[in-house]
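Visitor: I am new to reading structures like this one. Could you take me through a few features, giving the general idea before the case at hand?

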Amino acid sequence: MSSVEYIGIGKSFGAVEVMRDISFKIEDHQFVVLLGPSGCGKTTLLRMTAGLETISAGDLMIGGEKVNGVHPRDRDIAMVFQNYALYPTMSVFDNIAFSLQVAKKPKAEIRKKVEWAAEILNLTDYLKRYPKELSGGQRQRVAMGRAMVRDTGVFLFDEPLSNLDAKLRAHMRIEIRQLHNRLKATTVYVTHDQIEAMTMADVIVLMHKGAIVQMGTPDEIYERPNSIYVAGFIGSPAMNFIEGTIDARGGAPSFEAPGVSIALPANSTARPGQPVTLGVRPNDLAIAEEGPIRGTVILSETTGQDVQLHVDVDGRDTIVVVPRAERQAPGKPLSLTVAPEAVHLFDRQSEARIA
Amino acid sequence: MTTSDLVRRRVVSDHPLPWLMPLIAILVVFTIFPLVYNIWLSFHEFVPRRRALEWVGGRNWAQLWADTRFWQSLTVTFIYFGIALAVELVLGMAIALLLDADEPGFGFLRGILTMTLVIPPAIAGMMYLLMEDPQFGVISYVLKAIGLLSPATPILATTQYALAGVLLAEIWQWTPFMVLILLAGLRALPSEPYEAAMIDGASPWQTFWRLTMPMMSKVIAIAVLIRGIDLFRVFDYVFVMTSGGPGTATYTLSLYAWQQTFSFVKWGYGATLSLVMLLIVLIIANVFIKVAKVRW
């Protein structure tokens with residue numbers, strides 16, 4: 001059993017507190033992605049999990065046991081580093097075999113395990129090479145092989161794909177996820193790339209300024225972001241935000257802002273007169289004859305399949321993703337519509353989700 | 001035409017020779033001429049009664065084989081070279097590992113460690129000559145106090161201890177040099193492999209032998225090379241502390257060459273001995289460069 005549980009974890013460097021009260025649990029076999037912008041503390045949290053960084057407050061449990069002061073080698077973890085951290089003076093074989101060699105395992109067993117990992121990772125032909133003779137993707141795989149042969153319950157990945165080009169990254173993403181499905185190790189994966197998080201994670205833990213802002217499945221986080229921060233962070237192109245107020249005249253509640261008037265679902269909990277921010281994803285907006293949002297096209301960007309229209313709605317740049325056939329010329333007045341259930345409402349003061 | 005144009009025209013040349021001339025001149029005057037003159041000298045000998053150099057053919061070179069003094073001094077040189085290099089390397093590495101830390105105060109420690117290097121070796125030799133004095137030397141006193149040395153034993157005048165006494169000064173002064181080079185290498189090592197090794201479960205001992213030493217091999221090789229070449233021509237300490245004695249216990253090759261040249265006015269034989277030293281250093285250094293795969 002290799003669950004990982006964080007109980008009120010905090011981290012300070014001297015007098016500077018960079019993280020506090022992190023509490024969540026990763027179940028056995030789960031693939032959890034720690035997501036957040038640089039400096040949010042996700043790598044520090046991972047390094048604390050590995051034992052490379054001391055824990056200033058709280059308890060870290062791995063497999064049900066408190067491991068705060070336990071040496072990294074005794075934590076039942078394997079880690080893949082951002083810069084691979086391969087041993088430069090050792091061959092690929094020795095790099096992968098190192099943990100078994102220092103544990104004084106029998107030679108035959110070491111060979112078998114290394115060959116097993118090399119087979120899975122397509123490294124069989126490269127075992128005699130040295131790290132400097134490998135490409136970025138191959139080095140990445142050696143780093144993974146090194147983690148695989150350790151037979152541990154928990155895999156830690158620290159932005160493992162950030163040094164690869166886009167195509168290779170997409171490929172390795174699939175490989176890592178397949179490897180996880182095959183080995184079934186509990187995985188903690190740190191990234192700042194939301195595509196990686198959305199495609200790979202069972203659960204995403206979104207961090208900001210040393211705290212967790214939302215935790216949930218990729219669908220939950222995408223569909224029901226609990227704050228303006230989460231809503232703006234997840235999704236590309238980013239969600240459009242319009243500041244306005246709630247109006248309840250005529251019975252049904254509606255969102256009102258200059259150039260915008262959107263009817264809200266009847267069960268909305270927003271109070272009349274409350275200052276709110278309305279969020280709507282660029283894909284949820286559509287061009288209509290008579291819509292609640294009016295503006296003028298400023299710019300049209302083709303991304304391939306779709307076109308991103310930048311629409312000026314009362315001075316705000318609002319992005320709409322439409323099929324290529326609906327491309328619009330700049331300067332054209334436009335009317336947009338949105339389905340009531342695709343609208344996200346946030347309190348403007350607390351920035352928390354209302355409905 | 002402005003002044004700068006004039007200046008520019010005077011210093012512009014497409015041919016490399018004018019640019020190389022200063023360096024060539026320095027090389028010729030200070031390296032090539034002395035070397036060629038030394039080789040020429042080794043086939044001559046100074047004859048005092050005629051006050052002139054006379055051609056002697058290969059006699060100086062042939063004389064080497066039968067010269068027991070030469071073989072003795074060569075043996076002493078090799079012992080001195082071997083022990084000093086080994087101790088300085090091991091000790092230097094140990095101290096460098098201890099000083100490789102970022103805690104406050106370590107920068108200061110690294111700084112004061114290099115202070116021995118500002119003392120001229122001859123002065124360091126005189127310091128140790130005094131400290132090893134049987135009457136009032138502090139080292140003699142301590143060694144006697146802890147029972148390692150019987151009272152009234154003059155370290156530098158006792159055949160068994162004299163070389164060790166000289167080596168003490170040598171090692172004290174030059175270990176920091178080793179530390180300096182090795183520390184620079186250690187400070188430049190990447191930290192990630194060490195973190196990976198921690199997770200992989202390597203003990204500090206395993207980490208040192210399987211990570212640090214291989215990653216440091218080039219730096220170690222260069223340190224050994226520089227120090228080794230320097231050690232082979234040891235002169236100052238021996239000259240100041242023992243003048244080669246007692247007997248031939250500390251009589252090194254450089255001292256022998258010096259004595260032949262300047263005390264016995266055997267310029268030809270002195271030149272031959274110094275050329276032998278040069279040849280030995282060249283051969284050892286080149287074999288070492290090949291074996292240790294040091295690339296420049």
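Guide: Let us begin with strands, which are DSSP runs of E with at least two residues, as helices are runs of H or I with at least four, both numbered from the N terminus; two strands pair if DSSP finds at least two bridges between them. In this predicted model, local features need pLDDT of at least 70 and side-chain atom pairs count only at pLDDT 80 or more, while totals for chains, interfaces and linings use all residues. Residues are numbered from 1 along each chain as its sequence is written, with chains lettered from A and ligands numbered from 1 in the order in which they are written.

Visitor: Which residue is the bridge partner of A:Leu34 in strand 9 of chain A?

Guide: The partner is A:Val205, and strand 9 (residues 203–208) runs parallel to strand 3 (residues 31–35) of chain A, the two being joined by 4 bridges.

Visitor: What is the order of the strands in the open sheet of chain A?

Guide: The 6 strands follow the order 6-7-8-3-9-10, with mixed pairing. Strand 6 (77–80) and strand 10 (211–216) of chain A each have a single partner strand, so they stand at the edges with one side lacking a neighbour in the sheet.

Visitor: How many helices and strands does chain B have, and what share of its residues count as buried?

Guide: Chain B has 13 helices and 2 strands. A residue is buried if 20 or more other C-beta atoms, placed from the backbone, lie within 10 Å of its own, exposed if 12 or fewer, and partly exposed in between; of the 296 residues of chain B, 25% are buried.
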